[in-house]
Amino acid sequence: HVGDSPPGAAPRLGSRRIAVRRAAPGRAGGCLFARACAFHSVRAFASFVRSAMSFITEFVRNVIERNMEDPREREARAAERLERIGKDCERLKEQWEQPTKVDSFWKSARTTAKHAFASQSMLRNMPGRQESIDS
């Protein structure tokens, strides 16, 4: 195991020796594995991992907060959208109140001719035709 190596010697993992690059005195450096191998106890390594994780989580939290939208702006946009939809609904209801056909539409020659043709007894008795309301 890593702790089996004599102090100052490169740590052993199983039967292989691992070359560990040590940072110059007074300088932080080297790979993460090399720094992990230099710890004297599991507790010191766990403390290092916690501090590294806290840095990572703090960094991720800051990135997320920077990219999040302001809740007040989001609420203002939602209120504006609801007002716009309400105005559109009122306009649509006003349009529904308007007639779809002019007053003289049902009295026009074309409409009365269509109605007269469709009400012929020959057409009314064809298979598949519905019975008229007035019969």
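A contact here means heavy atoms within 4.5 Å. I started with contacts between residues at least 6 apart in sequence: 5% of them join residues at least 24 apart.

Housekeeping: this is a predicted model, where local features need pLDDT of at least 70 and side-chain atom pairs count only at pLDDT 80 or more, while totals for chains, interfaces and linings use all residues. Residues are numbered from 1 along each chain as its sequence is written, and side-chain values use heavy atoms, with hydrogens and water left out.

Next I looked up the fold. I got 5 helices and 2 strands, in the order β-β-α-α-α-α-α; these are DSSP runs (helices H or I, at least four residues; strands E, at least two), numbered from the N terminus.

Then burial. Of 135 residues, 7% count as buried (under 20% relative accessible area; exposed is over 50%, partly exposed in between; 1.4 Å probe, protein chains only).

F59 sits in helix 2, residues 42–67, and is partly exposed because its relative accessibility is 48%.

Last, the rings. I found 1 aromatic pair (Phe, Tyr or Trp rings, the six-membered one for Trp, with centres within 6.5 Å; planes under 30 degrees apart are stacked, over 60 edge-to-face, the rest tilted). The pair is F105 with W106, edge-to-face at 4.9 Å between centres and 85 degrees between planes. W106 is exposed at 58% relative accessible area, and F105 is partly exposed at 32%. I also noted the charged end of K101 over the F105 ring, 5.1 Å from its centre (the rule: NZ of Lys or CZ of Arg within 6 Å of the ring centre and within 35 degrees of the ring normal).
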